[in-house]
Every structure is written in structure tokens, then in C-alpha cells.
Amino acid sequence: MKDRTCRFATGAGWVLALVVVVGAACGDRQEVAFPGRAIEIVSWATPGGPSDLLARALAAEAPPHFDGQRVTVSTRQGGAGAVGMQYLTRRAGDPHVLGVFTASGTVNIATGRIPFDPGDFTPILRIQVDPFLVAVRDESPFRTLNGLFEAATAAPGSVSVSGFGAASAHSLGFARLRGAAGSPDIRWIAYEGSGDAVVAALGGHTDAVHTNYNIVREHLRAGTMRVLATALPLHALPRTPSYADEGFDLTPAHWRGVVGPPDLPPALRDDLRRRLLATIETPGFREYMERAAMEYAVMDGPESFGAWMAGEVATSRELLAGLGLVGE
């Protein structure tokens, strides 16, 4: 049995597809149309976390758009994402195995912690962004983002901000924001989890927290926290200023999308993209997006998504070098 790339007819016309054939040529047996079996979505994130929930929302809504085939999620954690990425790269050319890729993946690549590159995967569709925000406890004296930066400029080292990780999408997002504000001396206090970072700000151990809306949502509803600004306008916070409103022309966010294994033919990649686009327009998926307070972030095409990922790695590597966390 060998895997071959052959042609088959669908309602949309002739496209390239992976088929299983016996012998040396595609004509040796009847060609099998894609999808020929269940679709597997690989998640290398923590079960129950935002990336895992995206994978499961896709799996729940996708079957009708994949000709009724079952769509499953497999969690393959380890090595800062390397285990899942390796699994995906070993399925070269197989359109039945997809992966959820995130901003954290590009940061881990930039740090050199994992031996992969965005070019090792086939970009298909960026789906969502989860904008960063800066929040403070309700009794904080800071009322605006600029007020926080002005205090840090007036008294270097006196202001602290908690967040997830020392070399993470969260820490680099804040590094970009701090740089846009003139690089005031603000202490970044790294925590192993975003929830712990929020608790630190609530308890007055740090002056603010840099995180995502979902992490502070319940504290906002309880009135124990306030958001100073968000990287992008959020439907859930219509009266909260964005970074742009505060004079900072940048939009750091945690983003998520779907990639395929290497060597997917362009026609098959585009077919997958069409099926996923139909999936994320379903009422069930839209309900998930609203419930999760995520923003849609579909790009023009797979090539744009691939260029975005490569750019994210380059930007992260530059920021990490500036922070002394990786070599130049």
C-alpha cells in the first residue's frame, strides 16, 4: 500500500487529493475522494484551554461540511508543542490530519525551544484573535493606560505588571506595548498561569495584569477589576478604549488557526479552507465564539496566513533578543 497524490472529481470540479493505491500508478485501483475517512484535529495545548476549546468547537460543527465524516480531537502535549508538531509533520500530504496553531507556537519556535518552523506546515486558515488587555483591581489609582505609563516614567521600577511566562506571547505582547509607550521601566512579574497573574493583581502584589478577557471576565462582572485598555475593540467591552484609542498603534493578540501537514497540494489546501470557512459560519460555532468572547480574524488566503506566521516568528525573535532571552 502506498500513498499517492491523484486526481478525483467532486461537485466543485477536479481537485488533487491523497488516495491510497495498490501498485505504482493511480490507475491501479479505483480512486478515493477526499475526505475518505475521519478527520483528526491535533491540539498540543492544555485540555480545556482556549486552543483545545477551539479544536472541539470545530470538531462539533465540521462533519456536515466534510461530507458527514466524523471529526475528532486528539491531544498530543509535550515539549512546548513539539510532540504535536512532530506528529503533524510525519503525516506529510495527508489532508485528514489538521492542527490548531497559535501565537504561542510561533513564540516557542522563536525561542529555539522546538525544532520546527512555520514552513514545516501548510497554512490553511487563521480563525480568531484573543486580544490582550491591561486590567487593574478596582481600587487601583490608575484610571487609564497612559496614567500607568506616566507613573512608571516618573518613578522607574515602581510599577509592576503580572502575566503568564517570561518568554511567552503574553510577555512579548506587553513588551511591544511598553516599547510603544517609550519603554518605561516596568517590572514584568512572570507567573506559571494567567489565573495566578490575575490573583497577584487582585491582591495588590502587582499594579496591573496583562492577560486576556476570559481570564478576568468573572472579576469584571463582580466589580473587583477594571480594564484600562484592550489591544483590539472587544464586543464584550464596548466602552473600553483600545490601545489605538490611547495613542498606541499596535494590536498584540493571542491568535489561533488551523494548519495542515507539509506537502498538501494547493488545490487540496484550498478545499480544506473552503470547508473550514463554512464550518466557522455555522450558528453553533458563532455561538461558541460569542460565548468565548473571541474575535474573528480570517485572512485573505492561506498564503497571507503563512506570511503572518513567519512574520510573528521574526518579530518574536527580535523582541526576545532585545530582552536578552535569546541570542541575536
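Reader: How far apart along helix α8 are Arg-274 and Asp-271?
Author: Three residues, and in helix α8 (residues 266-279) that puts them about one helical turn from each other. This is a predicted model, by the way. In it, Arg-274 and Asp-271 form a salt bridge, with 3.7 Å between the closest N and O atoms.

Reader: OK, and is Asp-271 buried or exposed?
Author: Asp-271 is buried, because its relative accessible area is 10%, and buried means under 20%. Arg-274 is partly exposed, at 45%.

Reader: Which other residue makes a salt bridge with Asp-271?
Author: Arg-275 does, and the closest N and O atoms there are 3.2 Å apart. Arg-275 sits four residues from Asp-271, again about one turn of helix α8. Both Arg-275 and Asp-271 are buried.

Reader: How many salt bridges does the count come to?
Author: The count comes to 13. Another one of them links the side chains of Arg-286 and Glu-281, at 2.6 Å from N to O. Arg-286 is partly exposed, with a relative accessible area of 38%, and Glu-281 is partly exposed too, at 45%.

Reader: Which residues get joined into one network by shared partners?
Author: Asp-67, Asp-271, Arg-274 and Arg-275 are joined that way, through salt bridges that share partners.

Reader: Where does Asp-67 lie?
Author: Asp-67 is in the loop between α1 (50-61) and β4 (71-75). Its phi is positive, about 55°, although Asp-67 is not a glycine. Asp-67 is exposed, with a relative accessible area of 56%.

Reader: Switching to Ala-293, what's its phi?
Author: Near 60°, so that's a positive value in a residue other than glycine. Ala-293 lies in the loop between α9 (283-292) and β12 (295-296).

Reader: And is Ala-293 buried or exposed?
Author: Ala-293 counts as buried, because its relative accessibility is 11% and the cut-off for buried is under 20%.

Reader: Last topic, peptide bonds: is the one from Phe-34 to Pro-35 cis or trans?
Author: The bond from Phe-34 to Pro-35 is cis, with omega near 0°.

Reader: Where is Pro-35 found?
Author: Pro-35 is in a loop, the one between β2 (13-21) and β3 (39-43).

Notes
Residues numbered from 1 in each chain as written. Predicted model: local features only at pLDDT ≥ 70, side-chain atom pairs only at ≥ 80, totals over all residues. Heavy atoms only, no water. Helix = DSSP H or I, 4+ residues; strand = E, 2+ residues; numbered from the N terminus. Buried < 20%, exposed > 50% of the residue type's maximum accessible area, 1.4 Å probe, protein only. Salt bridge = Lys/Arg side-chain N within 4 Å of Asp/Glu carboxyl O.
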